[in-house]
Amino acid sequence: MLEKMGEFFDNRLDIYDEHQLNCIDSAREFYKYTAECLPLRPGCRIIDLGCGTGLELEWYFQINPSAKVTGIDLAPGMLNRLKEKFYDKELTLILGSYFDVPFGTCQFDGAVSVESLHHFTATEKMSLYEKLRKSLKTKGYFILTDYFSLSNEEEAFHRKELLRLKEEQGIEDNEFYHYDTPLSVDHEIECLLSAGFSSVEILNRWGATHTIKAVR
């Protein structure tokens with residue numbers, strides 16, 4: 001049965017970190033790598049989309065302990081766990097959808113999202129990425145680490161399967177339900193460029209998981 005996004009993650013809060021780090025291929029490597037790609041200037045401001053329990057922040061705060069991080073997530077339990085982990089850091093935690101939360105203009109030196117955005121369509125992401133780009137300072141950039149469909153056919157299959165399950169379960173609302181519908185990496189890059197980012201490049205890859213850098 002499909003579960004609403006925030007409820008899905010809070011229902012798995014006690015096993016989440018262990019699952020992410022130990023059951024996903026190369027996860028420890030790509031969380032650490034993602035952290036190392038973020039701005040290193042002391043006191044810089046970062047926005048984390050779908051921050052969860054802050055797994056990449058465990059590495060990031062080791063190399064930039066004075067960074068100021070704004071984290072957005074739908075799961076209150078996840079945010080509470082993040083706050084407990086980093087009680088001594090400068091955090092602004094927002095319970096809500098990053099599609100709805102205002103980001104402001106020229107607020108952040110960098111943005112990051114890890115294993116969160118593979119649930120949404122290109123159309124849904126377009127307005128989000130436009131908003132995110134505007135929130136970055138000049139020369140600010142977005143580091144996206146996520147997994148992607150390996151073909152257009154795989155991408156289409158996942159989307160059709162989600163729609164089939166929602167119809168089968170009588171779900172008619174517009175809320176987000178947990179089901180993976182990753183874009184192809186080419187479509188993800190097209191989406192970021194269409195949202196106005198000046199350059200987009202793949203920095204690294206672990207199977208279907210890629211780290212992408214999009215510069216304002």
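At what angle do helix H3 (residues 27–37) and helix H4 (residues 55–63) pack, and how far apart are their axes? Select both: the angle is about 45° and the axes are 8 Å apart. That makes H3 oblique to H4, since angles under 35 degrees count as roughly parallel, over 145 as roughly antiparallel, 65 to 115 as roughly perpendicular and the rest as oblique. Axes here are lines fitted to C-alpha atoms, for helices over the stretch in contact, with angles running from 0 to 180 degrees between N-to-C directions. Helices (H or I, at least four residues) and strands (E, at least two) are DSSP runs, numbered from the N terminus.

A word on what you are looking at: this is a predicted model, where local features need pLDDT of at least 70 and side-chain atom pairs count only at pLDDT 80 or more, while totals for chains, interfaces and linings use all residues. Residues are numbered from 1 along each chain as its sequence is written, and side-chain values use heavy atoms, with hydrogens and water left out.

**Stop 1: where H3 meets H4**

Show side chains for Arg-28, Tyr-31, Lys-32, Ala-35 and Glu-36 in H3, then for Leu-55, Glu-56, Trp-59, Tyr-60 and Ile-63 in H4; these are the residues that meet (contact means heavy atoms within 4.5 Å). Color them by type and you get six nonpolar, no polar and four charged. For that count, Ala, Val, Leu, Ile, Met, Phe, Trp, Tyr, Cys and Pro are nonpolar, Asp, Glu, Lys and Arg are charged, and the others, Gly among them, are polar. H3 passes H4 in a right-handed crossing; a crossing is right-handed if the near helix is turned clockwise from the far one by less than a right angle, and left-handed if anticlockwise.

**Stop 2: H2 against H5**

Next, pick helix H2 (residues 13–23) and helix H5 (residues 76–85), whose axes come within 10 Å and cross at roughly 70°. That makes H2 roughly perpendicular to H5, and this crossing is right-handed. On the H2 side, select Leu-13, Asp-14, Tyr-16 and Asp-17; on the H5 side, Gly-77, Met-78, Arg-81 and Lys-85. This contact divides into three nonpolar, one polar and four charged residues.

**Stop 3: the core**

Which residues touch the most other members of the largest nonpolar core? Select Tyr-31, Phe-103, Tyr-129, Phe-142 and Phe-197, out of 58 residues in that core. A nonpolar core is a set of buried Ala, Val, Leu, Ile, Met, Phe, Trp, Tyr and Cys residues joined through side-chain atoms within 4.5 Å. Buried means under 20% relative accessible area, exposed over 50%, and partly exposed in between (1.4 Å probe, protein chains only). A second, separate core of five residues includes Leu-2, Leu-162, Ile-171 and Tyr-177.

Now center on Phe-197, in the loop between helix H8 (185–194) and S6. Phe-197 is buried, at 3% relative accessibility. Its contacts beyond four places in sequence include Tyr-129, Leu-136 and Phe-142. Draw a C-alpha distance from Phe-197 to Leu-132: they are 65 residues apart along the chain and separated by 9.7 Å.

Then jump to Ile-47 in strand S1 (residues 45–49), which is buried at 1% relative accessibility. Leaving aside neighbours within four places in sequence, Ile-47 contacts Phe-103, Phe-108 and Leu-132, among others. Phe-103, in turn, touches residues including Ile-72, Tyr-98 and Leu-128.

**Stop 4: loops and a strand**

Select Ser-97, in the loop between strand S3 (90–95) and strand S4 (108–114). Is Ser-97 buried or exposed? Buried, with a relative accessible area of 11%. Beyond four places in sequence, Ser-97 is in contact with Ile-72, Leu-74 and Phe-176.

Cys-106 is also in the loop between S3 and S4, and has a positive phi of about 50° although it is not a glycine. Most residues other than glycine have a negative phi. Ser-26, in the loop between H2 and H3, has a positive phi too, near 65°. Cys-106 counts as partly exposed at 37% relative accessibility, and Ser-26 as partly exposed at 32%.

Finish on Ile-202 in strand S6 (residues 199–206), partly exposed with a relative accessible area of 41%. Show its contacts beyond four places in sequence: Val-185, Ile-189, His-210, Thr-211 and Ile-212.
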